[in-house]
Amino acid sequence: MVQKYQSPVCVYKYPFELVMAAYEKRFPTCPQIPVFLGSEVLRESRSADGAVHLVERSCRLRVEAPRLLRKIAGVEHVVFVQRNVLNWKERTLLIEAHNETFASRVVVKENCSYTVHPENEDWTCFEQSASLDIRSFFGFESALEKIAMKQYTANVKRGKEVIEHYLNELISQGTSHIPRWTPAPVPEEDTHSQAGLRDPGSLEVCGPGSAQGPAPEMVSTDGDKLDADYIERCLGHLTPMQESCLIQLRHWLQETHKGKIPKDEHILRFLRARDFHLDRAREMLCQSLSWRKRHQVDLLLQTWRPPALLEEFYAGGWHYQDIDGRPLYILRLGHMDTKGLMKAAGEEVLLQHVLCVNEEGQKRCEGNTKQFGRPISSWTCLVDLEGLSLRHLWRPGIKALLRMIEVVEDNYPETLGRLLIVRAPRVFPVLWTLISPFINENTRQKFLIYSGSNYQGPGGLVDYLDKEVIPDFLGGECLCNVPEGELVPKSLYLTEEDQEHRDQLRQWRETYQAASVLRAAPHEVAVEILERESVITWDFDILQGDVMFSLYYTKQAPKPGPREPRARAGGQLTDKGWALGADYSRVEAPLICREGESIQGSHVTQWPGVYLLQWQMHSAPGHMACSLPGVEDVLMALHSPGPRCKLLYYYEVLASEDFRGSMSSLESCSSRFSQLSSTTSSSSQSHSSSLVSR
């Protein structure tokens, strides 16, 4: 596997010319970098006007590896070739380096650049990237990879310190300013003669468009890049490899998620949650971004208003900050009627409220970062368990709690800085046994549990909270406005019918897709089948109007847009130019579906290809469409007023081995579809089945 490193932009607050003078003092030897044994110039050339200076060096680096590995390799040092292109006119230095030692077994590439700061011409930016590809190394590939990356990242920080050392040395010697390069005056009659005297090995073109410009890995400094000072100031101290992971993941998001990407603090939380393993963090973050988009979580703080029931009976709220500046959230769980809240508000409302608390917490972290001038990316939660009893261990309540923990762990990692649990009663170990397996190990290490009055005095709350913010109900002097919580009146409980209705709506939102069908503008779904005898299953409810449902087969995919394997849904997909029997064929007889009906069905495919599920507005028999409507019909329907039909639908493709029995049931051992529909009968002639229920 190729290991990559990308540095943030390091800014030297000195002019480019002075930084170059400091850089040159590193050669031919540099005592400040012990692994650098020395260098020699292989080739050197200048352009005719002296603006471009090209130098190739051979550099020797000492191998810092276990003696056994050095003995097996048979070397004590490795040789790198470095190619520097210094352009005084453009004020850039581009550096390319690669290894010569073990070049057939190990490939190391490095690219560095010194450029002028885009906003201050008296400052200099430095950036570097590197890649390591160990193809074979006597069976020690993994060990060598770890050693090489550890040594490289250790030298990264050292390299910046060396430049700063030589800058200070120059200034102490009285060199604080070096004039910029200016072209020497050239007599007009000598212009043509000098053009022919250039060194054949010199750089012919030195502008930004030169073929000898920066390597593909390097790009010019712009506003989308992170600089080291910003990371230290706003994100906290990171090791070079951690900085590299952040920059690589951020760059990947910019390329793949066009438009808005998460804030750097948010990206960093997912990297920390996966111990800066780039691929795992990327997978976790992508799943979370998809979840946020699907549930419109970004708009939660603007759209969510907790019902009066929660404001009165939910015993939780924000309360200043802890001793480290983290926002403090207090939850009086022992005083809260969790069973009553579940029965009166429902699980979904409580989950929405928990998500809103987490969104508010992130917002408060940003505010505290600005207020205190240091990075704050997590908050502290103080949980008071006085009053916790067996009634809090109600099974549906525990189930809902575990679901909330799972959602928060997956989408708000590393947002909890510390959890202080006080006045834990004897029943708490039972609760802890139930929930602790579902909490990430890194999160569990942030829990501090106090029983009885152990939270008072040294080692207790005073170690984590200022005395001025300790709540009055815990013996402090601060008046706490968090509701105490009390029993929810049973008169506020939801009826079973209301609860079932909420659960059904939640299931529809999570599983079904909504569609509108206009006159001459059907809704179509294209399902790509890769293997014959696959089973297409569907389940839909007609909410408004009458609809005719049909299933078509075609060998060619509809023109609109690229298609992923399995399926793609959305609107009108076909064109008027298609002819029934030539471009496509009907494999299911049209089914008239009346308003209020629920339809379940399946079809066993006979050929690979594209199958079209189509819902179109039902017309009188004399006006029934015999072909797929065209683009003109669709545009006319969209721009002309008229009736429309509405439906909720769900579909799925099953492998034949997953379709139980004689293909007469929609139950599947690998599908959730069985939860949505009941059994149906099959027709061996049409290889399909449909069930209509009212």
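1. Strand S5 (residues 77–87) and strand S6 (residues 92–99) are paired antiparallel through eight bridges, where pairing requires that DSSP find at least two bridges between two strands, and where strands (E, at least two residues) and helices (H or I, at least four) are DSSP runs numbered from the N terminus. Val81 has His98 of S6 as its bridge partner, and the hairpin of S5 and S6 leaves four residues between the strands, with Arg91 in the turn at a positive phi of about 60°.

2. This is a predicted model, in which local features need pLDDT of at least 70 and side-chain atom pairs count only at pLDDT 80 or more, while totals for chains, interfaces and linings use all residues. Residues are numbered from 1 along each chain as its sequence is written, and side-chain values use heavy atoms, with hydrogens and water left out.

3. S6 also pairs with strand S7 (residues 106–116), antiparallel and over six bridges, and His98 stands opposite Lys109 in S7. The hairpin of S6 and S7 has six residues between its strands, and Phe102 there takes a positive phi near 55°.

4. An open sheet of mixed pairing is formed by five strands in the order S9-S10-S11-S12-S13. Strand S9 (316–321) and strand S13 (447–451) are the edges, each having a single partner strand, so one side of each is left without a neighbour in the sheet.

5. Strand S12 (residues 416–424) and S13 run parallel and are joined by four bridges, with Ile421 opposite Ile449 in S13.
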